[in-house]
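Please look over the sequence and the structure below before reading the report that follows.

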Amino acid sequence: MDLITTHVNADFDGLASMVAARKLYPDAVLVFPGGAQESVRNFLAGHQLDICRLKDVALERVRRLILVDVQEPERLGPLKVLSSRKDLEVHLFDHHGTGEGSETQAWTSVTERHVEPVGATTTLLIEQLKAQQVALTTSEATVLALGLYEETGSLAFPSTTPRDLEAAAFVLRAGADLNLVAETLQHPLDPDLIALLNDLLQSGEIYYLEGRKILVASSAYDRYTGDLAEAVQRLAELHGLDAVIVAIALDEKVEIIGRSRRPEIDVAWIAREFGGGGHAVAAAASVKGRTLVEVQEQLTRLLTERYRPTLLARDVMTTPVKSIAAEATVAEAERSMTTYGVNVLPVVDAKDRYVGTISREIVQKALFHQLGGQRVEALSSSGQYSAQPDTPFHDIETRMIELNQRFVPVLSDGKTVGVITRTDLLRSLHDDVLAGGRGKPKSVMGLESPGAARRRDLKGQLRDRLPPAVHDLLRAAGELGDRLGLSVYVVGGFVRDLLLGLDNLDVDLVVEGDGIAFARALAKERGGRVKVHERFGTAVVLLPNGFKLDVATARTEYYEYPTALPTVEQSSIKKDLYRRDFTINTLAVALKPRAFGQLIDFYGGQRDLKERLIRVLHSLSFVEDPTRVFRAIRFELRFDFHLSKDTLALIKGAVKMELFHRLSGQRLLDELRLLFSERRPRHAVRRLADLDLLRFIHPQLTWSTRLDRRLIELEAALDWYRLSCLDRTISEWVVYAMALAEVMPDQAVRDLLKRFPFTESERGAITEARFLTQPASRTLSRRTPLRPSETVAILAGLSEECLVFLMAKNTSELAKRQLSMYLTAYRDVKPVLTGKDLKALGLKPGPLYRTILARLTEARLNGEVTSEAEERVLVKECADRARSNPKGRA
């Protein structure tokens, strides 16, 4: 007799695998070794699947045992006795190896073993059915879908593989009823389950191990009679945890249930330590003769011994630290706090040793009492809790909460090497909430969730979207930084575009520490060159293959006055990102080996990318640097985003302050160049007009129907040019500048050319377009057709930009035709004969050459000559005419 079975307390993956296995072993008997989960029992109550009762099976008649979703004899309940039989043929189907290799050794005669790392055992059986072309009924396909969808979290768990998706497609094609699947797998929370979950949350401890968030909890709540495994799964899903391990006291035993959403946190290993088993992502064990407290203590010990606590003070702290000398005055402390945007400063003595801290609250009170000249040391707090770099993060969290302390200095040899604020604390605790955007975390019937989203890991995107050489370079940069004791990050537009799915290989690295020293080391390691800018702490690394990357020391900046260039000082990655223009540009990705690919988002950049918003970081952003307004418009148009309400209000405020008049012509011109180089300059000009910004280019520049019409015509002319003149380049932004100049009075254009430092070619092109093209336009538009040589005579010498502007400006189809012919054909016409040929014909070099070659070109253009022979005849005529009339024309 063939017997198909699964583990005790069978789930839908076990049930579905049994049903699938019977299609491969048609004469086999199905049996549960020890009950099933409540959801499975409820399903079977309404669906007959012909499963035998264990007591009705004569075990001595079993000759072949088919195990699905299980390998360990200990998980077979009464069927464990079969493991001692040497005459028994065993076939195994399971979707994760045990990691130990000992379970299959417990079976003396495993003849077939199908154990592979897919999301569900059902997937392995479906692949067998597909390979053998076994047909399924609609009911069977639905049961298989239940197993597949439950085990993979509806194909959303990290353990899901492409093979699971293909298996899902197979059962869907076979007629699986997804409505029934959804109804079966969605279970409402009853009051007893809510009480159990609350009890687990209250008793639980969260551990940060190997970069993962793990809850270890226990409960003696005995009123919940439902499926405990389902309750634990709900807890993991609702609270954004990477793994949950719980111990629940029942009548005569303690039930241990583990669920992991990250296979690297192997809950099966823990279950085996208690005599149980399972898979890396789902396991259980029953413990008798021990108390709940003893079990939980062993769980904690096992976890922390196997998985290293990741978060230490050094991982969370902000560094380097802005401090203030003990002898400084209160007034100086207030200026420092305002300059660097901090609310607490460590106080240090003459040898840079930590003395205490002083807060903005104390400073403000001291200033109110006219104590601005008082030494900081006299008002500093020296009894506050401090940490060491290796202090576990959990200890710091506990002390900050117990002492209501918002600022913890991190000391090494008596010196301040970092600080941890309440913001750092909250961010480290709940990165998962921040990664989830602005939507509220899931909550169910009063259960508050600390966050449903997970910390964002971009390793896969870096690997899949980047050329292998660039990916390897980032890996190497992180490893080099690790060897040098530096933290290295890739930042800014590169990260933003990676998340948007756009190509961008402009790599900017930020180094916490000496960025220039790192750049030199990287260049040496990769055989490249380095160009250093000592003043700004930046460098450019040029690699042998031509690739370059920018390296900067993590910096902070402040502005001495509105519109000034910033003063820059070394700082942390957090402060470095804070000095950037918009939240979408504050994203960074860690490159150090143990955190490679981890997204760092201090300021909500992911949220604003998702909501397609351009948002500044603080309310003085446009006051300190008004050019950010132009960048905001540029990004708004490039990505089809829109300005956030607060950012729009701040722009209007900056306009009212008239700050843009203080910008130098160079800084404003740089922004206009970039803005008009985007793909929709007409919309950019319109946006400038809407925000009342055109007047800062020139007071007499305004939006009008005429300007709008000209910009539309320019777009069409440039589209034509790009398609027709592939071998030529053009400064498109200059063409748009010509359009602005066209609608301004003559003197205003002269003022514009004087204020902005255009290059000579740019200035000449704009001057041509504004003051010198009118006669050409009239001539090109006259009714009498021009000969090609006449068209060339009119247009030769005009800049490429001016020619395109003329194309847009002329409404006459005749003129457009002449311009088109000149741009695509006439200007490339040249005679076959050259000066060398004229010399070979016996003509003496001199001004005559130019005259003859010009005449040949004219004849070619006008169709007077079409071959080299005809050109030679024309040369002879010109030479004869020149000899007969030495002072005349050829």
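Which residues line the second largest cavity?

## The second largest cavity

The second largest cavity is lined by Leu 669, Leu 672, Phe 676, Ile 697, Trp 733, Ala 737, Leu 740, Leu 752, Phe 756 and Phe 758. On a 1 Å grid over the protein atoms alone, a cavity is a set of points where a 1.4 Å probe fits but cannot get out, and lining residues have an atom within 4 Å of a point.

This cavity has a volume of about 80 Å³, a volume being the space filled by probe spheres set on the points, which are joined across faces, edges and corners. At least two of the lining residues come from each of α26 (665-676) and α29 (732-742), where helices are DSSP runs (H or I, at least four residues) numbered from the N terminus.

## Two helices side by side

The axes of α24 (residues 627-639) and α26 come within 10 Å and cross at roughly 0 degrees; axes are lines fitted to C-alpha atoms over the stretch in contact, and angles run from 0 to 180 degrees between N-to-C directions. The two helices are therefore roughly parallel to each other, a label for angles under 35 degrees.

## Confidence in the model

This is a predicted model, in which local features need pLDDT of at least 70, side-chain atom pairs count only at pLDDT 80 or more, and totals for chains, interfaces and linings use all residues. Residues are numbered from 1 along each chain as its sequence is written, and side-chain values use heavy atoms, with hydrogens and water left out.

The protein averages a pLDDT of 86, which is the predictor's confidence in each residue, from 0 to 100.

Notes:
On a 1 Å grid over the protein atoms alone, a cavity is a set of points where a 1.4 Å probe fits but cannot get out, and a pocket is an open set with protein on both sides within 12 Å along at least five of seven lines; lining residues have an atom within 4 Å of a point. Angles under 35 degrees count as roughly parallel, over 145 as roughly antiparallel, 65 to 115 as roughly perpendicular and the rest as oblique.
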